[in-house]
Amino acid sequence: MKLIGPFKQIVTLANLPLRGKLSDNQLEIINEGGLLIKDGKIEIVDSFQNLKNKFPDVEIENIESEQICLPAFTDSHTHICFGGNRANDFAMRNAGKTYLEIAESGGGIWSSVQHTRLANEEELLETTLERINFLISLGITTIEIKSGYGLDVENELKMLRVIKKAQEFTKATLVPTCLSAHLKPRDFEGSSAEYLNYIIAEILPKVKEENLAKRVDIFIEKSAFLPGESKTFLLKAKELGFEITVHADQFTSGSSRLAVEVGAKSADHLEATIDEDIEFLAKSETVATALPGASLGLGEKFTPARKILDAGGILAIASDWNPGSAPMGNLITQASILATFEKLSTAEVLAGITFRSAFALNLEDRGTLEKGKKADFVTFETDNFQNVLYQQGSLKAESIYIDGEKQSS
């Protein structure tokens, strides 16, 4: 066993509900606290002095400076395995060009597909690991990563193999998701429904055979896949044994309701979700995942996070880090800004980037600091945990721990 502390404050996030609104006075805060770690898991969280007295012979890792401690964060929606750069898309969008105009000029998702197809596995692995390490530096130790810039058997498998390979080089938990249904590729001869059948017949069996992903995603939108064909696809993916998640309601409403109907683990985006669908979503087990990075990148409205929480929904917050609509990648900055516009309490934001976002990935062994949970946590050099969101990402993490071990910077 090992005792780590003392921390000025430990915010455990223990004993908070999975769904619905939260107030800051519900937070358990242990002042001058310590963490007793055993076999990579939390054993006890208590006053540092109490733990020191109770376990006089335990190994101690002393925290010399004034620091606070939080559970490590989970980013439950990213696209960080990609080739190329779409800075020109961002510039054109800000200059008033439409999505269609950008796509017609060689930008958009298809641009990322072309660059990703050209990149070899070694190049993709190098850049993906760089992005993983950046996320870890923010205090994020569980990271979902999607394919979706390959859009054929060879290149989708290449992306997923890179994500699997990346796990060998990081202690962070990587959760791969197959997003072959990102959009119908321009070089596919056939309808969008035929392309979805191609994924079911040709891509997903190989993904399963190589154990490259246990999750399948689809982008339901006028520019991608329509609700009817998407529902058929998702049900077939479930029959193959995959968990399912959905890019839902980004520009038009309706697909969040579909996500609930097919039993999706999460519905992500939701910027266009209407009130009656918020109620429907909030009564389900489907996690509503806000992606403020996409709102910032596209200049669109934010996910109605306040309404979702007030209706009793499960709200997660993720970065959507991708080369086009959400290039920032800084989940803490994005979540802080979402809180300002949607009037979210600090407790609601912290829950949304810890145990609630982990639940969106079907992981219930992390996100709080309590007995039996994975000992992933992050520290900040400050005397008040509120400063983490108050400084909107400019307060850098001091130390990141995975399984109770401090990670080198």
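This is a predicted model: local features need pLDDT of at least 70, side-chain atom pairs count only at pLDDT 80 or more; totals for chains, interfaces and linings use all residues.

Guide: Residues are numbered from 1 along each chain as its sequence is written, and side-chain values use heavy atoms, with hydrogens and water left out.

Visitor: At what angle do helix H6 and helix H7 pack?
Guide: Helices (H or I, at least four residues) and strands (E, at least two) are DSSP runs, numbered from the N terminus. Axes are lines fitted to C-alpha atoms, for helices over the stretch in contact, and angles run from 0 to 180 degrees between N-to-C directions. Here H6 (residues 153–166) and H7 (residues 192–209) pack at about 35°, their axes 10 Å apart.

Visitor: Which residues of H6 and H7 meet?
Guide: Contact means heavy atoms within 4.5 Å. From H6, Val153, Glu156, Leu157 and Leu160 meet Tyr198, Glu202, Ile203, Lys206 and Val207 of H7. By class, this contact has six nonpolar, no polar and three charged residues, where Ala, Val, Leu, Ile, Met, Phe, Trp, Tyr, Cys and Pro count as nonpolar, Asp, Glu, Lys and Arg as charged, and the others, Gly among them, as polar.

Visitor: Is Arg366 buried or exposed?
Guide: Buried means under 20% relative accessible area, exposed over 50%, and partly exposed in between (1.4 Å probe, protein chains only). Arg366 has 8% and is therefore buried; its place is in the loop between helix H15 (355–360) and strand E14 (377–380).

Visitor: With which side chains does the side chain of Arg366 make a polar contact?
Guide: A polar contact is a pair of N or O atoms within 3.5 Å; within protein, one must be able to donate a hydrogen and the other to accept it, and residues adjacent in sequence count only if both atoms are side-chain atoms. The partners include the side chains of Thr142, at 2.9 Å, and Asp365, at 2.8 Å.

Visitor: Where is Asn330 placed?
Guide: Asn330 is in the loop between strand E13 (315–317) and helix H13 (331–342), and is buried at 9%. A polar atom of the Asn330 side chain lies 3.2 Å from the backbone nitrogen of Ile332.

Visitor: How many disulfides does a search of the whole structure find?
Guide: A disulfide is a pair of cysteine sulfur atoms within 2.5 Å, and the search finds zero. For Cys178, the closest cysteine sulfur, in Cys81, is 12 Å away, too far for a bond.
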